[in-house]
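Hi everyone, and thanks for making time this morning. I'd like to walk you through a structure that may be new to you, so please have a look at it while I talk.

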Amino acid sequence: MLLTYVRRELRGRLRQTVIVAVGLALAVALILAVTAASSGVRDAQSNVLGAIYGVGTDITVTQASQAGQGSGQQFQFAGETPGSTSSNSTTTVSSDNLRVPPGTEAIKDTAVTAISRTSGVAGVTATLMLRQTSFSGQVAGQNLQDLRELYRARRGGSVSGPSGFTGFGGGNFNISNLTVEGVQPGAEALGPLSGAEILSGGRGFTTADAKANVALVSKTYADTNKLAVGGTVTVKGTAMKIVGLLDVTTSGTSLSDVYLPLGVAQILAGLSGQVTNVYVKATSSSSVDSAAAAIRKELPSATVNTQSDLASGISGSLSSASSLVKNLGTWLSIGVLIAAFVLAILFTISGVTRRTRDFGTLKAIGWSNGRIVRQVGTESMFQGLIGGVVGLGIGLLGIVWINSSHIKLAGSTASSGAGGAAAAARRTFANGGGGGYGGPFGGVANGFGGGNPDGAAASRAGGGVGGAARRAANSTVDVVLHAPVHWTVILLGIALALLGGLLAGVFGGWRASRLRPAAALRSLD
Amino acid sequence: MYKLTGVIKTYANGKKRVDALQGVDLTIEDGQLVAIQGPTGGGKSTLLQMLGALDRPTAGEVLLGEENLAKASAAKLTKLRASEIGIVFQGFNLISTLTAQENVEAALVPLAVGKAERRARAAAALASVGLGDRLGHRPAELSGGQQQRVAIARALVKNPKVLLADEPTGNLDEETRDEIVALLEGLWRDQGLTLVVVTHDSHVAGRAERRIQLTRGKLRDAGPGKNAAIRRPAEVKPTDELATWAKPVEATAGTRAATPTTPA
């Protein structure tokens, strides 16, 4: 009888059923779509972060240089420099400079050991990020003198600015950049070579390569410079045998140009026992924050970033989508859900009021309050269930539409923030490298500030080698938004609809149970 | 048997106090057909609500058998309404979304009667009031007289001891009124029910064994009605066979033949 009466009432009062069900359906559909989109955006952010920081990295540790620190860009040329020769009025110069990127400071690798012992840390790997700037070509003798003056001025501050060198325009030389990264052979499961990058030829590093002059080269760099597996790439004057080429799986992801075994990179850069980036994997997602806090305590001067910190550094349409989903989407869902609940409750109470005669009669023929509450509650739950199922359908259609629309989101990593600085620097020079100085020099004289004597952040450093580098400081990764559907989300939608029905039933049933049969019948007289 | 002693019922209407019943003393024997008459606002429906365990008096006692309805718990009153008291309303009060059969079944739901038996008893009850061919009809598809027949079937399907009818013919035309009165009269005669009818209609009240006048909450016995001399035949016992309700009862010595029910 209960279900028969429920069926009859839902059909007999179709308008109320439809309105309540549609209200709940919209709320459920919106929640499904927003939750799925939110999950999609999170995945997209994770992809972007994975592409930049490596898959599986929960925490990154870097050390930003302090204001006033940094040695500035040093080139050694002139006759005494091995790579320089002089003839008459011109001087042929050639110099490689390999050092940590501006704005970044090396950390002693004892810190890595300390981090690995920190509670909540499951795995640690470290890299040494370096930038090689090569200066080669011919300059006039006077120009070379000017060049020295410029360098001294920037170091000593005796010259007010680059305007003093605006007349410098002679010579024929190039400045090229190469990003080099020392990685721990055999530890690529974590860090920059995890997940996002794949070998497109040759092999990866093995532990046997720890002290070998071998290199992995990004395919882009190799293609540009016509390098192949088996060939060599020169870093700081040392030929490194190319054992593998790296490509990326995610559009827009940038690699360092050359990867060397960490020990080899440290020796070449004169930074033995030092690293720039530490990648940490936490024992579980719930232990990320506590592990980060413990690392901050252990290394108070270091910059410790978690994935969520890093995610906040993502800009572009991905960031906009994330904000949209988090703010508008979430609040809209909550708003619609509350509205649907209120609507369901009000309609149910209104329905009970309209059915005063019915409930009064049922009480008069012996129906108990409990039976009447069950009746009203069951009707409301069915309305909720209908709303949930319809909402599920609408929500799934919305998700299908999102997925079939192939919405492309661009995630940009800003170079600000110490955690992002080093990684951005990798991209800065990888993308911006080769911005030659061949033309008139005055306009870019400030570029020698790339050594960052002012201790500016990496973005400033990126600008140090020219506008192209600054542009490249914001590396963009394109990802297609895929809104996944999980059973938990479907169950959540149905549960919310049922909850709406339950709430409406509770209020409606409470209202019905308060009707005294005599009063209910008398009110109709 | 009903025994009312000093029953007072007072309603508060804003600041105004309405004394609906003012010390009513009344005894209704089992099997009596009592008509309660009186002007509008005289307290008739209030008295019926006391009898029907739908409300409690402000003061006094309402005994149904041994049970004092004034003091019984809400659950006990619900149980009494479910099993022992049948009520017929002026406005029929059928559930508009349910069919005639389902409306009648609704009265058996609190008694935990199984579905099959419920359906069978509801169908039999409807057949007994001449609506055997209207089981699947909704109230809106039935005439006023038919709806009241459904309401009567709903009140009687549980075999109550008492049938209370509040203006059962108030919304009906004269011809239908006579049919319904005849039906109630026949059921009272056959089933051994205690039948209490609240009515404005002197024609209806005149068919009762006993007439009671209720004016301004005070009771006055108005004397015997047309059926005062009628006694049900001793050999006709109340029965569960609802189908027999519709059958005319043979006249015996000292009795008048019951009016057979007329299908609508």
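Predicted model: local features only at pLDDT ≥ 70, side-chain atom pairs only at ≥ 80, totals over all residues.

Let's begin with the interface. How many residues does the contact take from chain A and from chain B? It takes 23 from chain A and 27 from chain B. The size of an interface is often given as the accessible area lost when the parts come together. Here the area buried between chain A and chain B is about 2200 Å², and carbon and sulfur atoms give 57% of it. On the chain A side, Met1(A), Arg8(A) and Ile365(A) lose the most area to chain B, and together they account for 30% of what that side buries.

Now for the polar side of the story. Across this interface there are 8 residue pairs in polar contact, and there are 2 salt bridges. One of the salt bridges joins the side chains of Arg516(A) and Asp55(B), at 3.0 Å from N to O.

Which elements of chain A give two or more residues to the side that touches chain B? They are helix 1 (2-12), helix 10 (356-364) and helix 16 (517-522). Helix 10 of chain A provides the largest share of that side, with 6 residues. Sorted by class, the chain A side has 9 nonpolar, 5 polar and 9 charged residues.

Over all chains, the count is 21 salt bridges. The general idea is simple: side chains of opposite charge can pair when their charged atoms come close. Take Arg13(A) and Asp358(A), whose side chains meet in a salt bridge at 3.3 Å, N to O. This pair links distant parts of the chain, with Arg13(A) in the loop between helix 1 and helix 2 and Asp358(A) in helix 10, 345 residues apart. Is Asp358(A) buried or exposed? Its relative accessible area is 6%, so Asp358(A) is buried.

Next comes an aromatic pair. The count over all chains is 1. The rings of Tyr5(A) and Trp367(A) have centres 6.1 Å apart and planes at 90°, so this pair is edge-to-face. Tyr5(A) sits in helix 1 and Trp367(A) in the loop between helix 10 and helix 11 (369-404), so the pair ties together parts that are 362 residues apart in sequence. Both Tyr5(A) and Trp367(A) are buried.

Gln16(A) is another residue to look up, and you'll find it in helix 2 (residues 14-53) of chain A. Gln16(A) counts as buried because its relative accessibility is 11%, under the 20% cut-off. What does the side chain of Gln16(A) reach at 3.4 Å? That is the backbone oxygen of Phe347(A). The Gln16(A) side chain also makes a polar contact with the side chain of Arg354(A), at 3.0 Å. Setting aside neighbours within four places in sequence, the contacts of Gln16(A) include Thr348(A), Gly351(A) and Gln383(A).

Arg203(A) and Asp209(A) form a salt bridge through their side chains, at 2.7 Å from N to O. Arg203(A) is partly exposed, at 34% relative accessible area, whereas Asp209(A) is buried, at 5%. Pro102(A) lies in the loop between strand 3 (90-99) and strand 4 (107-108), and Pro102(A) is buried, at 7%. Lys408(A), in strand 16 (residues 408-413), counts as exposed at 57% relative accessibility.

Finally, chain B. Chain B has 7 helices and 10 strands, and buried residues make up 55% of its 264 residues. Here is one salt bridge to find: Arg177(B) with Asp201(B), where the closest N and O atoms are 2.9 Å apart. Arg177(B) lies in helix 6 (residues 174-191) and Asp201(B) in the loop between strand 8 (194-198) and helix 7 (202-205), so the pair ties together parts 24 residues apart in sequence. Arg177(B) is buried, with a relative accessible area of 12%.

Conventions:
Residues numbered from 1 in each chain as written. Chains lettered and ligands numbered in written order. Heavy atoms only, no water. Helix = DSSP H or I, 4+ residues; strand = E, 2+ residues; numbered from the N terminus. Buried < 20%, exposed > 50% of the residue type's maximum accessible area, 1.4 Å probe, protein only. Contact = heavy atoms within 4.5 Å. Buried area = accessible area lost by both parts, 1.4 Å probe. Salt bridge = Lys/Arg side-chain N within 4 Å of Asp/Glu carboxyl O. Polar contact = N/O pair within 3.5 Å; in protein donor to acceptor, adjacent residues only side chain to side chain. Nonpolar A, V, L, I, M, F, W, Y, C, P; charged D, E, K, R; others polar. Phe/Tyr/Trp six-rings, centres within 6.5 Å; stacked < 30°, edge-to-face > 60°.
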